[in-house]
Amino acid sequence: MATNAAGRKPETQLARVRRARKMNRILAETYPDAHCELDFTNPLELLVATILSAQCTDKRVNMVTPVLFAKYPTVEDYAAADRSEMEEIIRSTGFFRAKTNSIIGMAQAICERHGGEVPGRLEDLVKLPGVGRKTANVVLGNAFGVPGLTVDTHFQRLVRRFGWTDETDPVKIERIVGELLPKREWTIFSHRVIWHGRRICHARRPACGVCPLAALCPSYGTGPTAAAEAAKLVRNGPFS
């Protein structure tokens with residue numbers, strides 16, 4: 001058992017599973033159109049876009065990638081790219097030198113180790129330069145249909161607020177949350193949580209008063225609970 005929230009009785013694992021799955025169903029009803037907000041048409045484009053999305057909004061990445069994808073349509077093009085040209089294209093995404101290093105290094109590794117094809121296994125993806133578990137799970141879940149949990153900053157913040165875990169290590173969070181939900185739901189659940197974090201459950205002032213999860217969330221009251229005040233905090237698009 002683990003404490004659900006201050007002043008509440010400890011919650012059994014079975015109770016947490018039931019609560020988590022009910023919260024997932026509510027999120028599914030709230031965000032029926034939840035999806036990856038990065039624009040892409042193939043695994044390579046998604047891999048590059050996800051690398052660019054570090055410390056950058058999806059909206060900004062989507063403004064940059066049409067030019068990038070047109071200039072470098074294949075992994076071989078990225079591997080042989082002129083560093084200064086790529087840096088200039090992706091400059092507005094921030095950390096553009098490090099991201100250029102990652103993209104070129106990733107592409108060269110794919111050419112050398114995987115015959116120019118983006119690998120469809122976690123263990124292969126995480127060995128590529130600039131690719132961690134979060135990026136790998138984004139690519140696997142959305143380009144290959146392999147279920148995975150995308151443990152980004154929104155995801156970490158929300159599952160802790162939900163009282164599902166107190167962990168701060170992304171790998172441990174991924175394992176714990178994975179035990180609460182059916183594997184087939186992992187990818188779409190990640191999108192629902194990220195959408196909820198961007199639109200309602202903000203880091204500083206969550207819109208608790210209009211949150212559809214209020215009755216099941218032990219952190220209710222972290223933000224304003226009056227509906228009129230909370231409604232002013234709701235956002236309707238990809239902001240981070």
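Me: A helix here is a DSSP run of H or I with at least four residues, and helices are numbered from the N terminus. With that in hand, which residue follows helix 9, and is its phi positive or negative?

Reply: Keep in mind that we're reading a predicted model. Helix 9 covers residues 153–161, and after helix 9 comes Gly163, with a positive phi near 75°.

Me: Is Phe95 buried or exposed?

Reply: The cut-off for exposed is over 50% relative accessible area. Phe95 comes out at 56%, so it counts as exposed. Gln55 has a relative accessible area of 70%, so that one is exposed too.

Me: Back to helix 9. How many of its residues are buried?

Reply: Buried means under 20%, and 7 of the 9 residues in helix 9 pass that test. They are His154, Phe155, Gln156, Arg157, Leu158, Val159 and Arg161. The cover over them includes helix 10 (170–178) and helix 11 (186–199). Thr153 also lies in helix 9, but Thr153 is exposed, with a relative accessible area of 59%.

Me: What caps the N-terminal end of helix 9?

Reply: That's Asp152: one of its side-chain oxygens lies 3.2 Å from the backbone nitrogen of His154.

Me: How many aromatic pairs are there in the whole structure, and how do I read one?

Reply: You describe a pair of aromatic rings by the distance of the centres and the angle of the planes. The search finds 5 pairs here. Take Trp164 and Phe189: their ring centres are 5.5 Å apart and their planes meet at 15°, and since planes under 30 degrees apart count as stacked, this pair is stacked. The pair links distant parts of the chain, 25 residues apart: Trp164 is in the loop between helix 9 and helix 10, while Phe189 is in helix 11. Trp164 is buried at 3% relative accessibility, and Phe189 is buried at 0%. Both belong to one aromatic cluster, together with Phe155 and Phe162.

Me: What lies over the face of Trp195?

Reply: Arg199 does, at 4.0 Å from the ring centre.

Me: Let's zoom out. How far apart do the C-alpha centres of domain 1 and domain 2 lie?

Reply: The domain assignment gives domain 1 as 13–30 + 149–232 and domain 2 as 43–144. Their C-alpha centres lie 28 Å apart. The contact takes 9 residues from domain 1 and 7 residues from domain 2.

Me: How much area do domain 1 and domain 2 bury between them?

Reply: The size of an interface is often given as the accessible area lost when the parts come together. For this pair of domains it's about 640 Å², with 45% of it on carbon and sulfur atoms. On the domain 1 side, Thr150, Glu174 and Thr187 lose the most area to domain 2, and together they make up 51% of what that side buries.

How values were computed
Residues are numbered from 1 along each chain as its sequence is written. This is a predicted model: local features need pLDDT of at least 70, side-chain atom pairs count only at pLDDT 80 or more; totals for chains, interfaces and linings use all residues. Side-chain values use heavy atoms; hydrogens and water are left out. Buried means under 20% relative accessible area, exposed over 50%, partly exposed in between (1.4 Å probe, protein chains only). Helices (H or I, at least four residues) and strands (E, at least two) are DSSP runs, numbered from the N terminus. Contact means heavy atoms within 4.5 Å. A polar contact is a pair of N or O atoms within 3.5 Å; within protein, one must be able to donate a hydrogen and the other to accept it, and residues adjacent in sequence count only if both atoms are side-chain atoms. Rings of Phe, Tyr and Trp (its six-membered ring) pair if their centres lie within 6.5 Å; planes under 30 degrees apart count as stacked, over 60 as edge-to-face and the rest as tilted. A charge sits over a ring if NZ of Lys or CZ of Arg is within 6 Å of the ring centre and within 35 degrees of the ring normal. Domain bounds come from an automatic or database domain assignment. Buried area is the accessible area (1.4 Å probe) that two parts lose on being put together, summed over both.
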